[in-house]
Amino acid sequence: MTAAETNPPALTQMTPTTPMPTELKTRTKVRPLVLFLVTSDPRETHRPAEAIRVAAGLGTWKKADVRVYLRGPAIRALGEWVDDLVEEDHFTRYLPILREWGHPIWVEAGAVNAADLGEATTPYEAIDDIELSRRCAEASSILRF
Amino acid sequence: MKHVLHLLNGPPDELTAKIMETQRAEGVSVEVIRLDQTQDWESVVDRVMQAESVATW
């Protein structure tokens, strides 16, 4: 068994795709793309936890392709330690559901909080603001929390 | 041309403004409705039903 197998990386960070394809590779054409855009601070408000809960609940029905984007302090939701976050059980309960969907959580590229995550619990992909704008335009619906 | 409807409940913040600006620059048709300034809810519903993409901020 290799070192990589005994110590698999808990964090999978992908590099942004440049240029952005006009159609997201992860999008299913027959289903609408619903994007949860989370910018609030999970240490101060329940809104990020609620976004994750609603995203998991909505995506489970397979009627829409659900994606989550975390920006600024909201990135803490992916962290190894969520004890100090409001409604922290939502993160431990519902993020694994998002992880099972097989695509990464989108996060703000260069976010200062990324270094504070420890071992992130869910694979993520860093995207810059231009990429975010493109993906927003691809979405059928955007919900901001 | 891709058409995106942005529903705002107040003036756009920095992120919202940046996204709209970038979308315009990339040739996206951007429509903005200020929900806090509208009385014509029937029109809002009509625009939402017709939009390809709806962003609620």
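I count two residues as in contact if their C-beta atoms, placed from the backbone, lie within 7 Å. The model is predicted, so I take local features only at pLDDT of at least 70 and side-chain atom pairs only at pLDDT 80 or more, while totals for chains, interfaces and linings use all residues. Residues are numbered from 1 along each chain as its sequence is written, and chains are lettered from A and ligands numbered from 1 in the order in which they are written.

**Entry 1**

I looked up the contacts of A:Y69, leaving out residues up to four places away in sequence. A:Y69 touches A:L35, A:F36, A:L37, A:V38, A:W106 and A:L132.

For "buried" I require 20 or more other C-beta atoms within 10 Å of the residue's own; 12 or fewer is exposed, and in between is partly exposed, with C-beta atoms placed from the backbone. This core has 45 residues, and A:Y69 is among those that touch the most other members, together with A:L35, A:F36, A:V38, A:I52, A:V68 and A:L70. Strand β2 (residues 33–38) of chain A gives the largest share, 6 residues. In soluble globular proteins, nonpolar side chains tend to be buried together.

**Entry 2: chain A overall**

I take helices (H or I, at least four residues) and strands (E, at least two) as DSSP runs, numbered from the N terminus. Chain A has 4 helices and 6 strands, in the order α-β-β-α-β-α-β-β-α-β from the N terminus. Of its 145 residues, 41% are buried. Among contacts in chain A between residues at least 6 apart in sequence, 79% join residues at least 24 apart.

**Entry 3: where chain A meets chain B**

Each chain's part in the contact I noted separately: 14 residues from chain A and 14 residues from chain B. On the chain A side, α4 (129–138) and β6 (141–144) are the elements that give two or more residues. The largest share, 7 residues, comes from α4(A).

Strands pair if DSSP finds at least two bridges between them. β6(A) pairs with strand β3 (residues 53–56) of chain B in the parallel sense, over 3 bridges. In β3(B), B:T56 stands opposite A:L143.

**Entry 4: B:M20**

Why does B:M20 count as buried? Because it has 22 C-beta neighbours inside 10 Å. B:M20 sits in helix α1 (residues 14–25) of chain B. Leaving aside neighbours within four places in sequence, I find B:M20 in contact with B:H6, B:P12 and B:V30.

Methods. A nonpolar core is a set of buried Ala, Val, Leu, Ile, Met, Phe, Trp, Tyr and Cys residues joined through C-beta atoms within 7 Å.
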